[in-house]
2 protein chains.
Amino acid sequence: MSEEFLSHCRHIAGEPFVLTSAADMAPFLDDWRGRYTGKALAVLRPADTEQVAQLVKACAQWRVPLVPQGGRTGLVLGSVPDDSGTAVVLSLSRMNKVRSIDAVNRTMTVDAGCILQHVQDAAALHDCLYPLSMASEGTCTIGGNLSTNGGGTGVLRYGNARELCLGLEVVTPQGDIWSGLRGLRKDNTGYDLRDLFIGAEGTLGVITAAVLKLYPLPKASSTALVALGTARDALDLLTLAQDRCGACLTAFELMSDVCLQLVGSQFPELPKPFSRPHGQYVLLELDSCESSQHANGMLEQTVSIALDRGIARDAVVAASEAQSRGLWNLREHISMAQAKAGKNIKHDISVPISRIARFIGATDAKLRDAFPGVVLVTFGHLGDGNLHYNVGPPAGVPHDEFLANQAAVNRIVHDQVDAFGGSISAEHGIGALKRDELSRYKSPVEMAMMRAIKATLDPLGIMNPGKIF
Amino acid sequence: MSEEFLSHCRHIAGEPFVLTSAADMAPFLDDWRGRYTGKALAVLRPADTEQVAQLVKACAQWRVPLVPQGGRTGLVLGSVPDDSGTAVVLSLSRMNKVRSIDAVNRTMTVDAGCILQHVQDAAALHDCLYPLSMASEGTCTIGGNLSTNGGGTGVLRYGNARELCLGLEVVTPQGDIWSGLRGLRKDNTGYDLRDLFIGAEGTLGVITAAVLKLYPLPKASSTALVALGTARDALDLLTLAQDRCGACLTAFELMSDVCLQLVGSQFPELPKPFSRPHGQYVLLELDSCESSQHANGMLEQTVSIALDRGIARDAVVAASEAQSRGLWNLREHISMAQAKAGKNIKHDISVPISRIARFIGATDAKLRDAFPGVVLVTFGHLGDGNLHYNVGPPAGVPHDEFLANQAAVNRIVHDQVDAFGGSISAEHGIGALKRDELSRYKSPVEMAMMRAIKATLDPLGIMNPGKIF
């Protein structure tokens, strides 16, 4: 049976693009963080949407489950197959063309397999900004960004991947092509199917192309690192910065002193901006459509008011592009510093911004009660209410040994998130990793609606099974 | 049977809130534009979400169709019942409380029956802006705004009602309550049900409350009316204004000279900003989070560059709040001037912004071919690609007589919209009015997915039947 199916796939995509040997398939089966390796019947590498449609039709006919895959940088085991070896991986990496750019409409139409950084670069060539930005941008693809509703550092000003998409082309679980590549800011003609496919993690269909929203390229930006006593002070700084800078405020990243110490010890070559430690730090960035003078002036004024009012304790405003890069390096090296120091228990959570300080205080206390001496590496996109709340072992306890507490730690953190009206997955999605957590915290009414939609759009259950549900 | 049902409804909502006499029901049955009056078995006026849930359960049990209704200002016959007299109207007007405001999280939680203007006012009391704004804001309600994904004048900067909503509370067609009142900027836990209910025009459930997104109140704004030769010039002005002003640009409204002449003749007391006529005009507004000096300076520079480059022919920059009001009055009196002059054939359409000038040129030509002397009253939210493209009779032809051409005119305009990759309903929705047009222009694949979702979430078909489908 599977030989017949594979031969049909070869007929559609061409011999070289149906991989079945272990060696050929290996690069498509590993989890990004190396926690898991799946098995597959084959890896399919279609050249265009028509081939995707035909391949999905074949999967439906032979009842072969399929796992859509982009850059495979996801963090929740959403784009790798399970270990049954019955599924095919549908890699969109060959579909990587920018189809068109319309600088007046501020849109670009791209294949799902386009790498995020290439999309950013193509937009910049037309003096436009595609604002989605994240650590994996050199590898991740637009299809994956949309399927997981990617976030990153630009969300505060520009929104998630969802807000940056106007239209989609999707191959349905029946192998039909839905051509919804509209470049419209306003379109109230029926149900919002676009936003249903966005964030569905490939469980409802395969996103094959998208119309992305562009913005004018900012003329200048200005960066500061502000030292504060507490997370509560960071909230005051956020309100101040939003009131004074409005949409010019493009990043507002929190990191605790534990984070900065960790980066300092693992990467001693990075700058040390303050002579003495403070409780918390905020990296904030302003963009200006006017001039660097405007961006700098606004940032300096905001920082100076924060110092005057006692919100901030100290601050460094970058005087050059290089200095700004240096400050961002501190933020962006936290994850790497953690990885070097040893494995820890990670959470990608959000709560209403106003409750963040209380959430951190209460959750830290609960964890310290349960695991005395535990190390809390807390940082994230405070302006979005999104924390990467990571839990490491007490001094002297081996990292691997501490990981045995994962389930107990997750329970404490996620129960707290739930109590604070938050989300157990702010920007990474559910995948296979958080599936059980999802059904624990979502209401039965919501789960029932989600299951009903899944069952009606994908009645054979072939689209990325075992993910989300 | 229906007596038993009504008696059960009275038990749930209380005697005075189940209206059945013709006189009591009359105010809930008329179309806003007076084109139609429906019939109902009763008008139900629940006090809270629990009552809505019980009433919907009763409707499901007795198979009574229900029509959710907010301020009844919709323009596509979406919130009035058909003339069978078998449906009940479910009016949410008594559910009009602001439940809470969180100025640090920049969110407010409101009942669906809250009037838009009251929401704006409540936000302003906390130095926050709820940016949704439209002509009907003194009457329309948040539930209706969300169910129709309302647009209006703030979309260019802040997006439609959809982009301004973080969470919903919904009563499902089964009478269950989905408590999705999350105040989170990032939440990637499963399917985006929120955006499915937004814009569903009450066909999938009843929105009973929402968490709305707030912004800092701008410190100042500045308004100009710019005279241009053609719509093509208006596109150049838009690109220029976006590049120079970024997110400070909050409104960019196009109106043709026909519009301004019409307003001038019907409302001679309004200002006449230019001594001689030009082809097109753009009303543009900037907001600043800094100062009125900043807003004025940026606007004056932009206008002056547009004049220098020959994009603009003349311009008036408002020197006061009163002058700004006067310029806005010209824009906002177009619909009223049209109504005074007599009925015309209206279209609420969008196309990609870059194609607007060509769309207007080509569509005007086709209509003039088919109906020599026809008067085209074209205005709208150019920055969103949204035009109110209205067609009036040639001089001497009575308005009522010309309306007989409605179907033929619609066909020409909507075929053109389709050819230009546009939408036949940019911001008004489908309702009962555009149902047949929808199935004409949507692809069978998209219609099939929409019908599948409707059938699975509302298997009894009791939710606002005859709307959208």
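Because the model is predicted, local features need pLDDT of at least 70 and side-chain atom pairs count only at pLDDT 80 or more, while totals for chains, interfaces and linings use all residues. Residues are numbered from 1 along each chain as its sequence is written, chains are lettered from A and ligands numbered from 1 in the order in which they are written, and side-chain values use heavy atoms, with hydrogens and water left out.

**Where the two chains meet**

- Let's start with contact, meaning heavy atoms within 4.5 Å: 81 residues of chain B touch 81 residues of chain A.
- The size of an interface is often given as the accessible area lost when the parts come together.
- Here the buried area (accessible area, 1.4 Å probe, lost by two parts on being put together and summed over both) is about 6500 Å², and carbon and sulfur atoms give 57% of that.
- On the chain B side, B:K186, B:N188 and B:Y191 lose the most area to chain A, together 16% of what that side buries.
- There are 48 residue pairs in polar contact between chain B and chain A, both residues at pLDDT 80 or more. A polar contact is a pair of N or O atoms within 3.5 Å; within protein, one must be able to donate a hydrogen and the other to accept it, and residues adjacent in sequence count only if both atoms are side-chain atoms.
- Which helix of chain B gives the largest share of the side that touches chain A? That's α17(B), with 9 residues. (Helices are DSSP runs of H or I, at least four residues, and strands are runs of E, at least two, numbered from the N terminus.)

**Salt bridges**

- Side chains of opposite charge can pair when their charged atoms come close.
- The rule for a salt bridge is a side-chain nitrogen of Lys or Arg within 4 Å of a carboxyl oxygen of Asp or Glu.
- B:D243 sits in helix α8 of chain B and A:R106 in the loop between β5 and β6 of chain A, so the pair joins two chains.
- Buried means under 20% relative accessible area, exposed over 50%, and partly exposed in between (1.4 Å probe, protein chains only). B:D243 is partly exposed at 27%, whereas A:R106 is buried at 4%.
- A:R162 and B:D192 form another salt bridge, at 3.1 Å, and both residues are buried.
- B:R162 and A:D192 also meet in a salt bridge, at 3.1 Å from N to O.
- A network of salt bridges links A:R162, A:D192, A:R194, A:D195, B:R162, B:D192, B:R194 and B:D195.

**Helix α10 of chain A**

- At 1.5 Å a residue, the 17 residues of α10(A) (292–308) should span 24 Å, and the end C-alpha atoms are 24 Å apart, which agrees. The expected span is 1.5 Å times one less than the number of residues.
- Its buried residues include A:H294, A:M298 and A:L299.
- The face turned away from the buried side carries the exposed residues A:Q293 and A:D308.
- The cover over the buried residues includes β12 and α8 of chain A, together with α10 of chain B.

**Helix α9 of chain A**

- In α9(A) (257–266), A:D257, A:C259, A:L260, A:L262 and A:V263 are buried.
- Covering them are, among others, β13, β14 and α11 of chain A.
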